[in-house]
Amino acid sequence: MTPQWQMPRSGLVWLLCAQAAIAVGLSAALPVWILLLLTVNFLWRLQVHRGLWRYPGRWAKVFLLLATMAGMVVSFQRFTGLEPLTTLLVSAAGFKLLEMHHRRDGIKLVFVCYFTAVLQLLYEQTIAVAVYTLFCVLLVTAALTGIYQRAEGRGSSWSPLQRSGAMLLQSLPLMLVLFLVLPRLPAFWGVPGQQQASTGVSGEMSPGDFSRLGKNGDLAFRVAFDDGTPPPAQLLYWRGPILTHFDGRRWSQMDPVNFRDGAHVIWGGNTSTQRGQHWQERIEKSGQRRGYTLIMEPTQRPWLFALPAPESTDLDVGLTREMRLVSEQPISTKKHYSVSWWPQYRYFADTLVPWQRRKVLEIPVGYNPKTRQRARQWRTETVTEEAYIQRVLQWFNQDFSYTLEPPLLGTHSVDEFLWQSQRGFCEHFASSFVFLMRAGGVPARVVTGYQGAERHPDGYLLVHQYNAHAWAEVWMPAKGWVRVDPTAAVAPERIEQGAESFFSNSQSALTEGGFSLSRFRHIDLLNQLRLQLDALDYYWSTWVLGYQSQQKSLLQRWLGEVSWRSIGLLLLATGALVIGAVLLWLLRGSLQARRRTPLQRLFESLCSKLAKAGWPRHHGEGPRAYRQRLQAERLTEKVANGNNALMALTLYEQVCYGEQPQYTEAFYREAKRFR
Amino acid sequence: MKPVTDKIVDAVGQVLMGKEPQIRLALACLLARGHLLIEDLPGMGKTTLAHTLAAVLGLDFSRVQFTSDLLPADILGVSVYNRDSEQFRFHPGPVFNQLLLADEINRTTPKTQSALLEAMAEQQVTIEGETRELPTPFFVIATQNPTHQSGTFPLPESQLDRFLMRLSLGYPDQAAERKLLSGLNPRSLLKDLQPVIELSELLQLQQQVEQVKASASLLDYLQRLTGQSRSEPGFEFGVSPRGSLAWLHSARAWALLEGRDYVIPEDLQQVAEAVLGHRLRGSNELAGIPGSQLVEKLLDSVDIV
């Protein structure tokens, strides 16, 4: 027989399997050397398990520890952050294998494994990862049951897995209940940002940025309109970062400025109660209000995308002075937010604040002299701003061509583009258009974001990285900020038909974005498959990941706003209820046996009266034996009405056991007479 | 005028001195149409009790001394070829008596022990394919030595269960023993004993036992007791339905001996040790505890209401 404290062998094998599976699942986040180290670790433990090798000595363990620390310093240069901590935890759990002798060590390790298994979900929340995490949990639970299995226990070595599977299935209803009931509260701590390269619109723009994105087929975000009918393609301008500052080559965002007319960002969309947000009042929206929900893929950046004139009531979404949405935290997981939009809008139509006007007219000195000169000339030739804009757009339309592979540009990028190459992508047109406007004295800025979308058969929109776009906004008196898309003047089909159909027949197909079915969209069957997979992912992220932002959880509906304290109280109350129910169930036998007839109750009260007088009835003592004992102890001489008690006992026996109900009245009388 | 049952007890008590409770229990067992097992050391008066009861009740009596080479036929009887009539003639064995004393039953082999089974349970025996009725009343008193003595075959539970009661006589108290020593030899007293009861009266008493009332409250109490013995982890197995029936029946007989026509909880308690002592066994930590203490524990753990 195995001693109680020893580690059962089948449990150990399952623990090894579980740890290996978790390490594989986390392999993207772990450095390569740690994977190698873990493999050596596992093999070593396996050899120990087979009785071929011995446990490592103390110095070997110290060496392993120091080597891991050194490796982490080299790989990460820090010890905080998600990846270093994951690495630390996984490697520590791996090393624990080499000094695990007792059952209690195994149990400890199992709990660490539960934690590391769930860590996978911090990195990705796709269906595949969720299923794989469940698989890991299955293995860990198998290890746990294996550890508790007695060494001499019957059953095959697969029985822990079977039992673990049965346990997971049994816990499914509880999981569903918790999923539906528990609200998703913001975490106590923020998950430190991941150091992952991300694609997408950046906060800057220099020549070539967008043409690179144009070849990328990755998903940027999905949009579902509440009424199911998205607006036409030429209105789908998803506004992102607004680029105001130009240094001659690179466009960048303006630093956030809190000015007299209000803060730069207003959080939560609900602004009417906040004071001093004057700029908010200068937005005019008209027409029918409609809503949509946007599910953004992680970008590690805080900005959000929306149609013009957005308004969101989500608490962690803010509206900036530039009329775009931002998030409180960088988007590290899929982000859901709902937005309202209006077909007609106008903002800052009355006047442009002087400091802002200065900002949107600024052009760097010493760059692009030819363009500046030509702009001034054209501006004097035209009377109004509209005419000037029209003049420029007309010129674009006549002499320029739109291409994904523009030639490289030198120092005076605008000059070179406008007067020499005349071939370019959206950023070239947007950049030079805004430059021309500013040089001509018209306030203008570059807007980056996405344009257009792919319509999924299920009714929602897919916006890919190749939809990335840059366009311009100019400010005109009485009109406010107006969108002008110079690309539309050059290649109207790009806007009307969408990027993918515009490029698919002419120029290079999508070449980036890793392994992606979008590369094969011209093959109908594969395209169908791609759309089906996307729908699966969409519903997963809408109904599982985004459950809390879609609608309030059941708990919130029942209790209103919830906090950690109310959750704690609720859990406590639920636990007490459950334990109480179990106790009640366990005690139900004795509770039923306690049911009494009125006759028995009166007998008991008689007994308790006698007990108070100093003659308690023994447990299990019958009325006759009791009476005889009381008589022997001379009750009648010591207690008044003692005779009544003795009489009552005799009568009780007659009524209860002699089945002579005619004495019932007499028993009641006698029993009550005794005090 | 004393009731007839008290007369019986008094008459037996003159031979077996100072053992009134055991005599009453034995009589109750007889009236409840059960069989009696007396377990005690040699020389405690087991056989005397059986003898005296037979004499006082006026029953046919036979005694079989059980030994390890005793065969079933020695008890049940055997067919012998008669040369004169050229036929087999059945010679009934000692079992065809109203009171059978099976002395030292645990000295014989299980095969012979089980030959008594049918007789005790069905009040009939089947010999050579022919079923023969046994006389009425039929009462087996078996004695056995404590099983830890050498040369014994312990009775299996199934056979123990056939005995309504198990008694042990124990040493007599000093006064009773002095009386025994100073008086005549009990054996000679036995010869002079006259029956105090007619057979028809005895059968009538047995009838009366079945008419003793057991109220719903009493049955509740009985069921709580048996339920407790079945659910309490201290008992390896609880009281069987046959056991609870035997208990109730014994309590009825006891109530009759007390001159009542209804059963009270005290009746159950009085017969409990005799009825349950050989039917209960403690589990685990209570394994070594004798049945009598288990019964006490059981009675203490259940209240009458």
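With 25 C-beta neighbours inside 10 Å, N368(A) counts as buried. The model is predicted. Phi of N368(A) is near 50 degrees, a positive value in a residue that is not glycine. N368(A) sits in the loop between α9 (354-359) and α10 of chain A. A second residue of chain A shows a positive phi without being a glycine: A309(A), at about 55 degrees. Its loop runs between β7 (290-296) and β8 (317-320) of chain A. A309(A) has 21 C-beta neighbours inside 10 Å and therefore counts as buried, the cut-off being 20 or more.

Chain A holds 25 helices and 18 strands. Of its 675 residues, 33% count as buried. Contacts in chain A between residues at least 6 apart in sequence were also examined; 70% of these join residues at least 24 apart.

Helix α10 (residues 369-381) packs against helix α13 (residues 426-439) of chain A. Their axes lie 8 Å apart, at an angle of about 55 degrees. α10(A) and α13(A) are therefore oblique to each other. Their crossing is right-handed. On the α10(A) side, the contact is made by T371(A), R372(A), A375(A) and R376(A). These meet F435(A), L436(A) and A439(A) in α13(A). By class, the contact of α10(A) with α13(A) comprises four nonpolar, one polar and two charged residues.

The other pair is helix α1 (residues 9-25) and helix α5 (residues 103-123) of chain A. Their axes come within 10 Å and cross at roughly 25 degrees. Because angles under 35 degrees count as roughly parallel, α1(A) is roughly parallel to α5(A). The crossing of α1(A) past α5(A) is left-handed. From α1(A), the contact draws on G11(A), L12(A), L15(A), A18(A), Q19(A), I22(A) and G25(A). Their partners in α5(A) are G106(A), L109(A), V110(A), C113(A), T116(A), A117(A) and Q120(A). The residues of the contact of α1(A) with α5(A) divide into eight nonpolar and six polar, with no charged residue.

Nonpolar cores were then traced. The largest has 106 residues. Within this core, A26(B), A28(B), L36(B) and V271(B) touch the most other members. Helix α11 (residues 241-257) of chain B gives the most to this core, with nine residues. A second, separate core of 79 residues includes W251(A), F305(A), I331(A) and W475(A). The contacts of A28(B) were listed without counting residues up to four places away in sequence. On that basis, A28(B) touches S250(B), A253(B), W254(B), L257(B) and V271(B).

Chain B also contains a cis peptide bond, which joins T136(B) and P137(B). Its omega is about -10 degrees. P137(B) is found in the loop between β7 (130-133) and β8 (139-144) of chain B.

The contact between the chains takes 15 residues from chain A and 17 residues from chain B. On the side of chain A that touches chain B, the elements giving two or more residues are α21 (598-613), α22 (623-632) and α24 (642-656) of chain A. α21(A) gives the most to this side, with three residues. By class, the residues of the side of chain A that touches chain B are five nonpolar, five polar and five charged.

Key. Residues are numbered from 1 along each chain as its sequence is written. Chains are lettered from A and ligands numbered from 1 in the order in which they are written. This is a predicted model: local features need pLDDT of at least 70, side-chain atom pairs count only at pLDDT 80 or more; totals for chains, interfaces and linings use all residues. A nonpolar core is a set of buried Ala, Val, Leu, Ile, Met, Phe, Trp, Tyr and Cys residues joined through C-beta atoms within 7 Å. A residue is buried if 20 or more other C-beta atoms lie within 10 Å of its own, exposed if 12 or fewer, and partly exposed in between; C-beta atoms are placed from the backbone. Helices (H or I, at least four residues) and strands (E, at least two) are DSSP runs, numbered from the N terminus. Two residues are in contact if their C-beta atoms, placed from the backbone, lie within 7 Å. Axes are lines fitted to C-alpha atoms, for helices over the stretch in contact, and angles run from 0 to 180 degrees between N-to-C directions. Angles under 35 degrees count as roughly parallel, over 145 as roughly antiparallel, 65 to 115 as roughly perpendicular and the rest as oblique. A crossing is left-handed if the near helix is turned anticlockwise from the far one by less than a right angle, and right-handed if clockwise. Ala, Val, Leu, Ile, Met, Phe, Trp, Tyr, Cys and Pro count as nonpolar, Asp, Glu, Lys and Arg as charged, and the others, Gly among them, as polar.
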